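This briefing gathers selected features of the structure shown below, grouped by topic for reading beside the coordinates.

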Amino acid sequence: MTFSSLLVVLFTFSAQEQPPIVIQKDVTGARFLPVSMTGYSGEVQAVLKFDLEIAGFDIVNPETAQFNISGSNNSFVEGRVTDRVTKAALLANRYEGAPPRSLAHALADDIVLKITGKPGIARSKIAFKGDSGGRTEAYVADYDGANAVRATQDNALVVALCFASGGNKLLYTSYKSGNPDIYIHDLGSGQRTPVANYPGSNLSPAISRDGRRVAMIISKDGNPELYVSNVDRSNLTRLTHTRADESSPCWSPDGQSICVVSRKDGAPALYVVPASGGAMRRISTAGAGSTTEPDWSPDGKEIAFTALWREFQICVVPAKGGEVNVLTAGEDPSWAPNSRTIVFTKRVGDKRVLSLLDVPTKRVKTLDRHSGSRSLPSWAK
Amino acid sequence: MNRVHFLKLLALSFVLAATAVACKKNLKGVTAIPGPLRPPPGPPPTASPAGGDQGLPVPGPTDTTSKSLKSDQTGIELAGIDRGNYIGDYEQFKQQTIYFAFDNSEVKPAEKPKLDVVAEHLKANPTCKVEIEGHCDERGTEGYNLSLGERRALSAREYLISVGIAGERVGVITYGETKPAIQGHDETAWQKNRRGEFLLLKPKTQ
């Protein structure tokens, strides 16, 4: 207690004397934030480096760093963060009681929070479709692809994965019955319940943030259309009436709107529909052709999507439409809870691998240390 | 909020009143003309079939009814097929696999004779059904291709219905880009992968 109070006093005092030169701008802008990292080895060092780099930091030598991170990893992991200029100590913590990877992630999250003021994502989870030897199953893993656990054992095609808010439930389309049907899967109990198993295809489930409603593409009327129902199947309502196919809906975080792909005006484009029904409003994505797979950022400000030029590109556009920011080659983006990082799919030869993208710095880290293919990621938030 | 609700109710009552007037006019009319196939405006009926397992065993020779698709209709309602009651046969229609243009779900005129062969076989074997599998090449995103594959299978289904096959006998399934006919990343492979395949379903008791 006294130690941390002392830290606060020290920090406040130094900050008054010599205000640290605006970190916020660097973190939200396009520049990397230079930090040094000393005292770590092996897996802890590798995990810390990965976590910090994908959070927008650059690991540099202690003399040029804005913050010095130092510590050790023996029977436990220690971490200290000091402002190089002001000498203010921002963090001094010890982590124990979990495998080294988890301890490193915990330290990384604390470092990110102390320096940027925003919670880190190093302990969040992703779900994805895993494909090895033609067998596809749903998997859940750490955000960096480690500790992947199989969630299904159907030996049937599984597509369109979507994490429910809080990360304890997963929705997906499985072909296990012979028909593409939508299920909600409680990851704690393993129990799953059909959400939609109408004649024809039941695809692309997206659950609202409050966990109560599901937007999805159902073709029982003879055409793939956008529907919404409650998770318990009640109140099934059709929201689009087009001759073209709709695909890949996602919710605005306030649950008021749904963004969906439609070809109603020719090429695939993004539209927003009120969740309670109403007209489809096209989102302007000037210059971006064949836009698919939208994902609304948790802060509501932006929509990430895939566009096709010569190859697929991950793009971001303001939720109201406007200037498109082309970020990197890839497809099927899913936002992290921080509205900053994106997980997406990359094609490498015949294989598909997941990658992480730090949007402001455009840094990409590929999660390719596995056999088989991984695709269709969804980030738990 | 209340005011908005009131306005909505007001608008609704006007619509209802207008509809009532229109109906009365129709009653006075001379000949009852079948209405257009376009679904009624407003929320769709909620009484559509709830699950695939209810199925629709359709009695009688419905095959003679031809339903051509109007351009303003979004689709022809699907019925569930209990696949457990059928034996699937890919061989019968192996030569009838149809191919599609890039990012397009319309049945090409040149492919229609293949569909006619499928239709003739179904007419000659009234206890059989068919499931159309819609497939895509790899040049679409995975989520998008699932809907595109579905739309392709539905287009082929609409054609079969237009030449007299009952909709209840034609199921569809999409595999998107997950089951390519040919591995490869060039136009030769893509052409072969943008396709609709026909799985003949023969009743198990036959």
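Predicted model: local features only at pLDDT ≥ 70, side-chain atom pairs only at ≥ 80, totals over all residues.

**Strand pairing and selected features**

In S5(A), Leu91(A) is the bridge partner of Val81(A).

- Strand S4 of chain A, residues 77–83, pairs with strand S5 of chain A, residues 89–95, in an antiparallel arrangement joined by six bridges.
- The hairpin of S4(A) and S5(A) has five residues between its strands, and in this hairpin Lys87(A) takes a positive phi near 65°.
- S4(A) also pairs with strand S3 of chain A, residues 67–73, again in the antiparallel sense and over seven bridges; a hairpin of three residues joins S3(A) to S4(A), and Asn73(A) stands opposite Val77(A).
- In a regular strand the side chains alternate between the two faces of the sheet.
- In S4(A), the covered face consists of Val77(A), Gly79(A), Val81(A) and Asp83(A), while Glu78(A), Arg80(A) and Thr82(A) form the uncovered face.

**Chain A as a whole**

- Chain A contains four helices and 29 strands, and its C-alpha atoms fill a box of roughly 70 × 45 × 40 Å along the principal axes.
- The radius of gyration of chain A is 22 Å, which agrees with the value near 21 Å that a compact globule of 381 residues would have.
- Buried residues account for 50% of the 381 residues in chain A, and of the contacts in this chain between residues at least 6 apart in sequence, 43% join residues at least 24 apart.

**Positive phi values in chain A**

- Most residues other than glycine have a negative phi.
- Ser339(A), a residue other than glycine, has a positive phi near 55° and lies in the loop between strand S25 (331–335) and strand S26 (341–348) of chain A.
- Ser339(A) counts as partly exposed because it has 19 C-beta neighbours inside 10 Å, whereas a buried residue needs 20 or more.
- Leu376(A), although not a glycine, has a positive phi of about 50°, and its place is in strand S29 of chain A, residues 373–379.
- Leu376(A) is buried, since 27 other C-beta atoms lie within 10 Å.

**Helix H2 of chain B**

- Helix H2 of chain B, residues 112–124, has 13 residues and reaches 18 Å from its first C-alpha to its last, close to the 18 Å expected at 1.5 Å a residue.
- Leu115(B), Val118(B), Ala119(B) and Leu122(B) are the buried residues of H2(B); seen down the helix axis, these buried residues fall within an arc of 100°, so they line one face of the helix.
- The face of H2(B) turned away from the buried side carries the exposed residues Pro113(B), Glu120(B) and Ala124(B).
- The cover over the buried residues of H2(B) includes strand S2 (98–99), strand S3 (129–135), H3 and strand S5 (195–203) of chain B.

**Contact between chains A and B**

- In the contact between the two chains, 28 residues of chain B meet 39 residues of chain A.
- Helix H3 (142–162) and strand S4 (170–176) of chain B each supply at least two residues of the side of chain B that touches chain A, and H3(B) gives the most to that side, with nine residues.
- By class, the side of chain B that touches chain A has 12 nonpolar, 11 polar and five charged residues.

Conventions. Residues numbered from 1 in each chain as written. Chains lettered and ligands numbered in written order. Buried ≥ 20, exposed ≤ 12 C-beta atoms within 10 Å, placed from the backbone. Pairing = 2+ DSSP bridges. Contact = placed C-beta atoms within 7 Å. Nonpolar A, V, L, I, M, F, W, Y, C, P; charged D, E, K, R; others polar. Rg over C-alpha atoms; globule rule 2.2 N^0.38 Å. Expected span 1.5 Å × (residues − 1). Arc of directions from axis to C-beta.
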